[in-house]
Amino acid sequence: MLSELNTMINLLLFLFIKPITSGGISYQDQPWHSECFVCETCRKPLAGTRFTSHEDHVYCVDCYKTDVAKKCHGCKNPITGFGHGTNVVNYEGYSWHEYCFSCKKCSLSLANKRFVLNGEQIYCPDCAKKL
């Protein structure tokens, strides 16, 4: 609710109160004062930096990783979709980086392959037979 209010206030500022005379940016076909285009969480200015959006809000990369991104069930690190590990495996409400979805015993990657779930651990069929 508060974030929606902030978004509406910013929109009113952009459109009606203070004209953009220089240094403005455009995001999703909307004009923004560069000082008003800020991270939803930490309020750090985003103009000229890497950022991402989620559910109509913009975040700096650090806040997205800590506050928004799902955590990998394997390594517990955020799944961001940036750089290495952009593919995600989802199963039974859990998410893994594709490279973390591997057999607990032999480390064979199980993305797009058959696997056996034993407790919370995943195994390739061969290793599962030896349990």
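Tyr91 stands opposite Tyr94 in strand 6. The model is predicted, so local features need pLDDT of at least 70 and side-chain atom pairs count only at pLDDT 80 or more, while totals for chains, interfaces and linings use all residues. Residues are numbered from 1 along each chain as its sequence is written, and side-chain values use heavy atoms, without hydrogens or water.

Strands are DSSP E runs of at least two residues and helices are H or I runs of at least four, numbered from the N terminus; two strands pair if DSSP finds at least two bridges between them. Strands 5 and 6 form a hairpin with two residues between them, and Glu92 in the turn has a positive phi of about 50 degrees.

In the largest nonpolar core, which has 14 residues, Trp96, Phe101, Cys103 and Leu110 touch the most other members. Such a core is a set of buried Ala, Val, Leu, Ile, Met, Phe, Trp, Tyr and Cys residues joined through side-chain atoms within 4.5 Å. Buried means under 20% relative accessible area and exposed over 50%, with partly exposed in between (1.4 Å probe, protein chains only). Strand 8 (121-123) and helix 3 (125-129) each supply at least two residues of this core. A second, separate core of 11 residues includes Tyr27, Phe37, Leu46 and Tyr59.

Helix 2 (residues 61-68) has Val61, Cys63 and Tyr64 buried. The face turned away from the buried side of helix 2 carries the exposed Asp62 and Thr66.
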